[in-house]
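Please report on the salt bridges in this model.

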Amino acid sequence: AMVAPRCSEGAEAIAPEALVRGADLLAKAGLQDDAVGLYAQAGAWPAMAAAVADQADAMLAQGRRATLLGWLERMPPAILEADAALLCADAACRLAESPRAARQRFEQAGRLARERGDEATRRRACSGIVEVIVSEFDDLAALDPWLEELAALPEGAPATAAGTRATQMSALLLRNP
């Protein structure tokens, strides 16, 4: 009698190209979780990074920080650290549990965004740093350079600008009531 192979049998024989094609199809169908898993399995880190970056804001808004952080932690550090937007997402995931780690990631993202002329991500990183400093509520004088930098940056997209302005306003009220 023939026995059907188990699903795990032969899985390692799937070519990375086939996994990437499958992941692309899943992504087009809106099944991002499954697509990201296949990209990781195939070692298609740039494709995975693009898929994660595409979903990061929505996942943060949905409260899916743990899933997003899991995706980010699967990436090789060199891939993550080369993308300021992914660093901001990583920082946002860590904000509640580890403000210090979040601040370091936001600062790293800000430096990278400044080098690349990415003002929208730089604004997001500065806003994140302000949020960390306010949440720590330790040395509010540390807000000053970041508030100055935020004020010097041009306005972002309306949704981003509104969130940044709210962060700025609360920090200014705390710093100079």
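## Salt bridges and their surroundings

Glu81 counts as partly exposed, because its relative accessibility is 36%. This is a predicted model. The side chain of Glu81 meets that of Arg105 in a salt bridge, at 3.7 Å from N to O. The pair links distant parts of the chain, 24 residues apart. Glu81 sits in the loop between helix 5 (77-80) and helix 6, while Arg105 belongs to helix 7 (residues 99-116). Arg105 has 17% relative accessibility, so this residue counts as buried. The cut-off for buried is under 20%.

Arg94 forms a salt bridge with Glu73, and their closest N and O atoms are 3.3 Å apart. Here the separation is 21 residues: Arg94 is in helix 6 (residues 84-94) and Glu73 in helix 4 (residues 65-74). Glu73 reaches 51% relative accessibility and therefore counts as exposed. The cut-off for exposed is over 50%.

Arg103 and Glu107 both lie in helix 7. They are four residues apart, about one turn of the helix. Their side chains meet in a salt bridge at 3.0 Å, N to O. Arg103 is partly exposed, because its relative accessibility is 23%. Glu107 is partly exposed too, with a relative accessible area of 23%.

| Salt bridge | N to O distance |
|---|---|
| Arg94 and Glu73 | 3.3 Å |
| Glu81 and Arg105 | 3.7 Å |
| Arg103 and Glu107 | 3.0 Å |

Why can such side chains pair? Side chains of opposite charge can do so when their charged atoms come close.

Which residues are linked in a network of salt bridges? The network holds Glu73, Glu81, Asp90, Arg94 and Arg105. The structure as a whole holds seven salt bridges.

Now the wider fold. The protein chain has 10 helices and zero strands. From the N terminus on, its elements run α-α-α-α-α-α-α-α-α-α. Of the contacts with a separation of 6 or more, 50% come from residues 24 or more positions apart.

Finally, the surface. The protein chain has 177 residues, and buried residues make up 36% of them. The chain exposes about 10000 Å². Carbon and sulfur atoms supply 55% of that area.

Definitions and conventions: Residues are numbered from 1 along each chain as its sequence is written. This is a predicted model: local features need pLDDT of at least 70, side-chain atom pairs count only at pLDDT 80 or more; totals for chains, interfaces and linings use all residues. Side-chain values use heavy atoms; hydrogens and water are left out. A salt bridge is a side-chain nitrogen of Lys or Arg within 4 Å of a carboxyl oxygen of Asp or Glu. Helices (H or I, at least four residues) and strands (E, at least two) are DSSP runs, numbered from the N terminus. Buried means under 20% relative accessible area, exposed over 50%, partly exposed in between (1.4 Å probe, protein chains only). Contact means heavy atoms within 4.5 Å. Accessible areas come from the Shrake-Rupley method with a 1.4 Å probe; for residues, only the protein chains shown count as cover.
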